[in-house]
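Please look through the sequence and the model below before reading on.

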Amino acid sequence: MTASLRFVMRLHGNFECTPFIGTRDRPVSHLIRGALAGKEFRVREVKCIAKGDEYCEFIIEPVE
């Protein structure tokens, strides 16, 4: 079994989410997520300061 490539990025003070700190029930960083993804990667935001998390966290994996 081959290990798959995966990156995790944590973004503190994300300008896209700070206006909504603790007021949302799911991640809201659509602009950042889209910029990271491009055409070759899938990006999921799993933590978000708008949800009350300490930082925004993105899982970045290649599209297979």
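Two strands are said to pair if DSSP finds at least two bridges between them, and the elements themselves are DSSP runs numbered from the N terminus, with helices (H or I) of at least four residues and strands (E) of at least two. By that criterion S1 and strand S3 (residues 56-62) pair in the antiparallel sense over 5 bridges, and within this pairing valine 8 stands opposite isoleucine 59 in S3.

This is a predicted model, in which local features need pLDDT of at least 70 and side-chain atom pairs count only at pLDDT 80 or more, while totals for chains, interfaces and linings use all residues. Residues are numbered from 1 along each chain as its sequence is written, and side-chain values use heavy atoms, with hydrogens and water left out.

The open sheet is built from 3 strands in the order S1-S3-S2, with antiparallel pairing. Strand S1 (7-11) and strand S2 (41-47) are the edge strands, each pairing on one side only. On average, neighbouring strands of this sheet are turned by 25° against each other, direction ignored; here axes are lines fitted to C-alpha atoms, for helices over the stretch in contact (heavy atoms within 4.5 Å), and angles run from 0 to 180 degrees between N-to-C directions. Helix H1 (residues 30-37) lies across S1, S2 and S3 and runs at about 150° to S2.

A nonpolar core is a set of buried Ala, Val, Leu, Ile, Met, Phe, Trp, Tyr and Cys residues joined through side-chain atoms within 4.5 Å, where buried means under 20% relative accessible area, exposed over 50%, and partly exposed in between (1.4 Å probe, protein chains only). The largest such core has 11 residues, among them Cys17, Ile32, Cys48, Ala50 and Phe58. H1 and S3 each supply at least two residues of this core, and its largest share, 3 residues, comes from S3.

The structure holds 1 aromatic pair. Phenylalanine 7 and phenylalanine 41 form this edge-to-face pair, at 6.5 Å centre to centre and 70° between the planes; rings of Phe, Tyr and Trp (its six-membered ring) pair if their centres lie within 6.5 Å, and planes under 30 degrees apart count as stacked, over 60 as edge-to-face and the rest as tilted. Phenylalanine 7 lies in strand S1 and phenylalanine 41 in strand S2, so the pair ties together parts that are 34 residues apart in sequence.
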